Amino acid sequence: MSRTGNTDEHGYAEERGYAPDGRPERTLAALPPAHGRGFARTWWGQAWLKALEDTALDNGQLKRGRKHAREGAVGAVCVRPGRITAVVLGRDRTPYRSDVLLQELDDAEWDRLLEVVAERSGHIAALLDRDMPPQLVEDAAAVGVDLLPGIGDLEPECACEAWDHCPHTAALCYQVARLLDEDPYLLLLMRGRGERELLDELQVRSVGHAARHAVPAGDDAATEGVRAREAFAAPGPAALPAPPPAVAAPGRPPALAGGTDPAPGLDVAALEFLAADAAIRAQRLLAEALAPGHAASPVPAVLTEWQDTVRLTAAGPAAEVAARLAAGCGRDRTDLARAVRAWEHGGAAALTVLEEEWIPDAEALARARAQLAAAWEEGERAPRLRAAGNRWTAMGTDAQVRYGRDGRWWPYRKDRGRWWPAGPPAQDPEAALAMLGSD
């Protein structure tokens with residue numbers, strides 16, 4: 001086995017090398033205990049934990065796993081394609097080898113994913129910065145590639161012989177969430193490709209994309225089309241044509257800034273941004289339309305002007321476009337920033353939780369209280385919670401959980417006197433507070 005050792009920018013020791021089958025492998029040293037902090041700060045780390053929490057059948061096992069991980073019971077973590085492995089100490093300090101399996105992407109899926117990433121230079125720049133923007137994951141999903149795990153995707157194997165997630169595999173997953181925060185390449189390695197291999201392939205594809213999209217000098221020829229009047233006047237086909245093929249990546253919008261001055265009052269940067277946004281949305285709508293079961297899916301609600309402003313701002317426009325959106329929305333910059341944070345954690349549903357305070361009816365309140373009563377085990381110190389409508393605040397802290405109309409719990413943290421969304425929703429209040437490091 002070939003290995004090299006190093007320490008990353010956060011001081012975590014690791015070894016990189018190759019397994020006996022020649023595939024890449026990384027081993028990261030055991031992390032210190034995680035007292036007083038949540039296990040995932042990044043949105044992709046939180047998505048990893050959501051997959052675990054949605055998959056496990058016993059919340060009690062997850063709680064014990066969180067406690068093991070928080071106390072430093074997880075040893076060095078080995079990450080390789082399709083599998084993560086660690087030795088985890090049980091409550092009586094008995095060591096158990098624990099594995100969690102994640103399906104690798106096949107060659108066709110990798111080809112589509114690499115095309116999506118190579119098509120947009122911003123995706124490559126983000127990966128080089130050890131970042132995984134939501135747009136990258138959404139673009140991958142649009143071409144049928146699920147980068148992040150979903151419900152049922154994290155398959156446990158443990159020497160304790162539990163058939164579901166046990167405290168040991170849960171502890172391993174919580175520890176890996178901390179590691180993913182610092183390096184999303186670990187997720188890509190689990191899906192089958194190492195960092196060096198991935199970057200080399202992206203470089204080759206980026207060069208190829210640049211060559212294909214280069215426009216020869218003086219080539220002003222335009223492809224002729226059909227006038228709309230003629231198209232609508234033509235007789236319809238006897239049968240519906242075959243569905244169009246999926247589009248690997250959004251089309252490139254036109255560059256409107258050129259040698260001539262724009263028309264008076266025309267905001268070129270804003271128009272280019274809206275064109276790019278329209279191309280991205282069109283590609284996603286086509287991907288959704290081609291997905292199995294689309295005909296039975298509910299029609300999504302039309303966004304309000306405010307929701308669409310938040311969505312556009314969350315897409316990361318240029319500074320001058322963002323300033324124009326902020327100036328025209330009728331809210332102060334802090335309100336808009338909080339709304340964007342909420343949108344990043346859960347779209348329109350998360351924005352509703354931010355802005356709507358409601359009083360649960362008797363049935364919803366009974367469900368919420370039952371979940372609160374079952375969240376902490378006997379003998380485990382539970383926080384003192386003060387209720388106000390659908391919001392429960394941990395007294396003496398800056399932590400709060402909000403109960404959504406769909407029965408999910410959303411974590412919030414107070415900063416400079418205002419409550420800010422702090423993560424995606426969880427199925428129980430203890431898990432939501434754990435994201436805040438308050439359990």
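Colleague: In which helix does Arg-112 lie?
Modeller: This is a predicted model, in which local features need pLDDT of at least 70, side-chain atom pairs count only at pLDDT 80 or more, and totals for chains, interfaces and linings use all residues. Residues are numbered from 1 along each chain as its sequence is written, and side-chain values use heavy atoms, with hydrogens and water left out. Helices (H or I, at least four residues) and strands (E, at least two) are DSSP runs, numbered from the N terminus. By that numbering, Arg-112 lies in helix H3.

Colleague: How far apart are the end C-alpha atoms of H3?
Modeller: H3 takes in residues 107-119, which is 13 residues. The expected span of a helix is 1.5 Å times one less than its number of residues. For H3 that gives 18 Å, and the end C-alpha atoms agree with it at 18 Å.

Colleague: Is Arg-112 buried, partly exposed or exposed?
Modeller: Buried means under 20% relative accessible area, exposed over 50%, and partly exposed in between (1.4 Å probe, protein chains only). The relative accessible area of Arg-112 is 32%, so the class is partly exposed.

Colleague: Which residue has the backbone oxygen that the side chain of Arg-112 reaches?
Modeller: Contact means heavy atoms within 4.5 Å. Leaving out residues up to four places away in sequence, Arg-112 touches Val-143, Gly-144 and Val-145. A polar contact is a pair of N or O atoms within 3.5 Å; within protein, one must be able to donate a hydrogen and the other to accept it, and residues adjacent in sequence count only if both atoms are side-chain atoms. The side chain of Arg-112 makes one at 2.7 Å, to the backbone oxygen of Val-143.

Colleague: What is the phi of Gly-144?
Modeller: Helix H5 covers residues 134-142, and among its buried residues are Asp-139 and Ala-142. Gly-144 follows H5, and its phi is positive, near 80°.

Colleague: Which helices are included in what covers the buried residues of H5?
Modeller: The buried residues of H5 are Gln-135, Leu-136, Val-137, Asp-139, Ala-140 and Ala-142. Their cover includes helix H1 (43-55), H3, helix H4 (121-128) and H10.

Colleague: At what relative accessibility does Gln-283 count as buried?
Modeller: Gln-283 sits in helix H10, residues 268-290. Beyond four places in sequence, Gln-283 touches Asp-139, Ala-142, Val-143, Val-247, Ala-248, Ala-249 and Pro-250. Gln-283 counts as buried because its relative accessibility is 5%.

Colleague: What is the relative accessible area of Gln-46?
Modeller: Gln-46 has its place in helix H1. Apart from neighbours within four places in sequence, its contacts are Ala-40, Arg-41, His-345, Ala-422, Gly-423 and Pro-424. Gln-46 is buried, with a relative accessible area of 4%.

Colleague: Which strands stand at the edges of the sheet?
Modeller: Two strands pair if DSSP finds at least two bridges between them. Five strands form an open sheet in the order S8-S9-S10-S11-S12, with antiparallel pairing. Two of them have a single partner strand each, so one side of each is left without a neighbour in the sheet: S8 and S12.

Colleague: Which residue in the turn between S11 and S12 has a positive phi?
Modeller: S11 and S12 run antiparallel and are joined by four bridges, with Asp-415 opposite Arg-418 in S12. The two strands form a hairpin with two residues between them, and the turn residue with a positive phi, about 50°, is Arg-416.

Colleague: Which residue in S11 is the bridge partner of Arg-402?
Modeller: S10 and S11 pair in the antiparallel sense over five bridges. The bridge partner of Arg-402 in S11 is Trp-410.

Colleague: What angle does the direction of H14 make with that of S10?
Modeller: Axes are lines fitted to C-alpha atoms, for helices over the stretch in contact, and angles run from 0 to 180 degrees between N-to-C directions. H14 packs on the sheet and touches S8, S9, S10 and S11. The direction of H14 makes with that of S10 an angle of about 140°.

Colleague: What arc do the buried residues of H14 cover around the axis?
Modeller: The buried residues of H14 are Ala-364, Ala-368, Leu-372 and Ala-375. The arc is that of the directions from the helix axis to the C-beta atoms. These residues are on the same side of H14 because they cover an arc of only 70°.
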